[in-house]
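The tour goes stop by stop.

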Amino acid sequence: MLIAADKFKGSLTAVQVAERVTAGLRRVVPELQVESLPVADGGDGTVDAAVAAGFERREVRVAGPLGDEVTAAFALRAGTAVVEMAEASGLQRLPAGVFAPLTASTYGSGELLRAALDAGARTIVFGVGGSATTDGGAGMLSALGARFLDAEGEPVPPGGGGLSELASADLSGLDPRLATVELVLASDVDNPLTGPKGAPAVYGPQKGASPDDVEALDTALAHYAKVLEEAVGAKAAEFAAAPGAGAAGGIGYGALLLGAAFRPGIEVMLDVLGFAPALERADLVITGEGSLDEQTLHGKAPAGVAAAARAADKEVVAVCGRLALPPDALGRAGIRRAYPLTSVEADVATCIADAGPILERVAEQIGRDFLT
């Protein structure tokens, strides 16, 4: 039995999901052999998943999205670092109810990457998602040695809004170690930097951007890409249009400028976490996340787990807080059956508040259906 589930956002971490499912299963089959491999798709929770898989947790003080210092973590094992931009620049780092769509910066994410380099990482998996920022990765690049100046030769203000004042860009001072590491951009977002499907238009409103803010950010990021094209050549324009450039408020674009290879987040994380050998040992796989819905089918962790398991001819069931997919869609994704918390507790508020005990009861049902 292999439990490879993501977090139930706002209720349970991926580690807690695995613990609760294990407890429920063992009420039905006390001696059951269970292997847990908490998973993530590059967004928040990615470092925790790596630590649960045996990586060492490293903490460092970096700038949060508003410039205040925060303690952020990355994970390290055998020369591979897992860096999660949300640890430094995520919405979780903003005070409750506060948004800063025009001024939030990814500077701290660049400091996290630098800390991974300082720790001797030769491969860096850079998980992006859950960002508070829409600065095209300019803050991150600044922390790594790039310079973004206005017409007076002064650094432009932080955040995507400040890029409207950009007159020149200089990437010659980037940390030379970046040229010697393998940098992987891990994301489930394939949006370009700007335009109707770009970072400001699609994700800006989630970060508190008004329609006017979205327009201002889109214009500023397009200008930023144009100035970078003048600085580093045509590749800057190519990267702006590339899949993944719009990830996490455009930090994907900054990562592509650093030479990152874009890969689906869950695919990268399954490799890094050692999913293939764990899958080989399993006869049934339980995956899941807080909400199984249309988004799940587009690169989220349960879909990635199910695809890999199906390729290995392993049966998969899923647990979730909320189920918004019909059986045929689940089947096409490789999931035989899904068990939402609402199947044992109809009240959604109770499911959120008491997710752990309810999940144990759901797992008992899986045990009765599949193990007895």
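Where is the place of Ile286? Select strand S11: Ile286 sits there. This is a predicted model, where local features need pLDDT of at least 70, side-chain atom pairs count only at pLDDT 80 or more, and totals for chains, interfaces and linings use all residues. Residues are numbered from 1 along each chain as its sequence is written, and side-chain values use heavy atoms, with hydrogens and water left out.

Stay on Ile286. Ile286 counts as buried because its relative accessibility is 0% (buried is under 20% relative accessible area, exposed over 50%, partly exposed in between, with a 1.4 Å probe and protein chains only). Beyond neighbours within four places in sequence, its contacts include Met1, Ile3, Val21, Val317 and Ile366 (contact means heavy atoms within 4.5 Å).

Now show the sheet. Five strands form an open, parallel sheet in the order S2-S1-S11-S12-S13 (strands are DSSP E runs of at least two residues, helices H or I runs of at least four, numbered from the N terminus; two strands pair if DSSP finds at least two bridges between them). S2 (35–36) and S13 (337–340) are the edges, each pairing on one side only. Strand S12 (residues 315–323) joins S13 over four parallel bridges. Pick Ala318: its bridge partner in S13 is Ala338.

Next, select the core residues Phe126, Phe148, Tyr224 and Tyr253. Of the 55 residues in the largest nonpolar core, these touch the most other members (such a core is a set of buried Ala, Val, Leu, Ile, Met, Phe, Trp, Tyr and Cys residues joined through side-chain atoms within 4.5 Å). Helix H9 (residues 247–257) gives the most to this core, with seven residues.
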